[in-house]
Structure formats: C-alpha cells, structure tokens
Amino acid sequence: QLQLVESGGTLVQPGGSLRLSCAASKFTRNDYAIGWFRQAPGKGRVGLSCIDKSGTRINFADAEKERFTITRDRANDLVYLQMNSLKSEDTAVYYCAARRGSCYGSWTYWGQGTQVTVSS
C-alpha cells in the first residue's frame, strides 16, 4: 500500500509564500506520477499540477501556474508545491495523490491533506 503524507500547511498572510511537501514511500521513486490538488470550503477538489515519473510537469490550473511550482526530490521521495503570492482564495485543504505512469487518469492513492489558510 502506497502511503502519502502532506505537510507544510499553515496560516500565512496574503502575498506570502509557502512550500508544501508530499512524502511518499519508496514505491513512488520510479513508477508514479504525483499530483497536487486542493479543496476549498464548500467546493470540489481541483487539480493544480503534476509531475510524472520522468520529471515532466503538467499544470492543471492555468490561473495558478504562474504562482505555483511543483518539484520532485527523487533522492528523498519528496514532492513539493511552492506557492507564491498567496491570496485569500488559495485557502483550502491541499492534497497530494499518486498514480502509476502519466499525470492523466484516475488517481489511486491520496494523502490526508494539509490545511492552508491565507488571511491577515
């Protein structure tokens, strides 16, 4: 069973930056794509970006692609989401997910989520 654990969520002021981490078990090192998603209060889960097993990055959300960057640390089985110029509307629970192969299709494994609150 693949396990994903998100961390790094916290309260941050508008305009600030935050880096979320997704820790994955060894399974993800070569076989899986990792994606970041978020779910704002009262809304559905939305895909943000993904990095596949070859390191190719896919942006699912055009509105955030200039502010959010996904990176992968293969040596430590970590995937990061760097978020800059945060806005109140970025307040949400952020999830990472994993699936074999590419960034497209249904996602097999999910983390428990980490809360990001953007407020002054």
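## Burial and the model

Buried means under 20% relative accessible area, exposed over 50%, and partly exposed in between (1.4 Å probe, protein chains only). Across the protein chain, 45% of the 120 residues count as buried.

This is a predicted model, in which local features need pLDDT of at least 70 and side-chain atom pairs count only at pLDDT 80 or more, while totals for chains, interfaces and linings use all residues. Residues are numbered from 1 along each chain as its sequence is written, and side-chain values use heavy atoms, leaving out hydrogens and water.

Two rings of Phe, Tyr or Trp (its six-membered ring) pair if their centres lie within 6.5 Å; planes under 30 degrees apart are stacked, over 60 edge-to-face and the rest tilted. The count comes to six aromatic pairs. Take Tyr 95 and Trp 110: their ring centres are 6.4 Å apart with planes at 80°, so this pair is edge-to-face. Tyr 95 belongs to strand β9 (residues 92–100) and Trp 110 to strand β10 (residues 109–110), so the pair ties together parts 15 residues apart in sequence. Strands here are DSSP runs (E, at least two residues), numbered from the N terminus.

A charge sits over a ring if NZ of Lys or CZ of Arg is within 6 Å of the ring centre and within 35 degrees of the ring normal. The charged end of Arg 45 sits over the ring of Tyr 95, 4.0 Å from its centre, and over the ring of Trp 110, 4.4 Å from its centre.

Terms used: Helix = DSSP H or I, 4+ residues; strand = E, 2+ residues; numbered from the N terminus.
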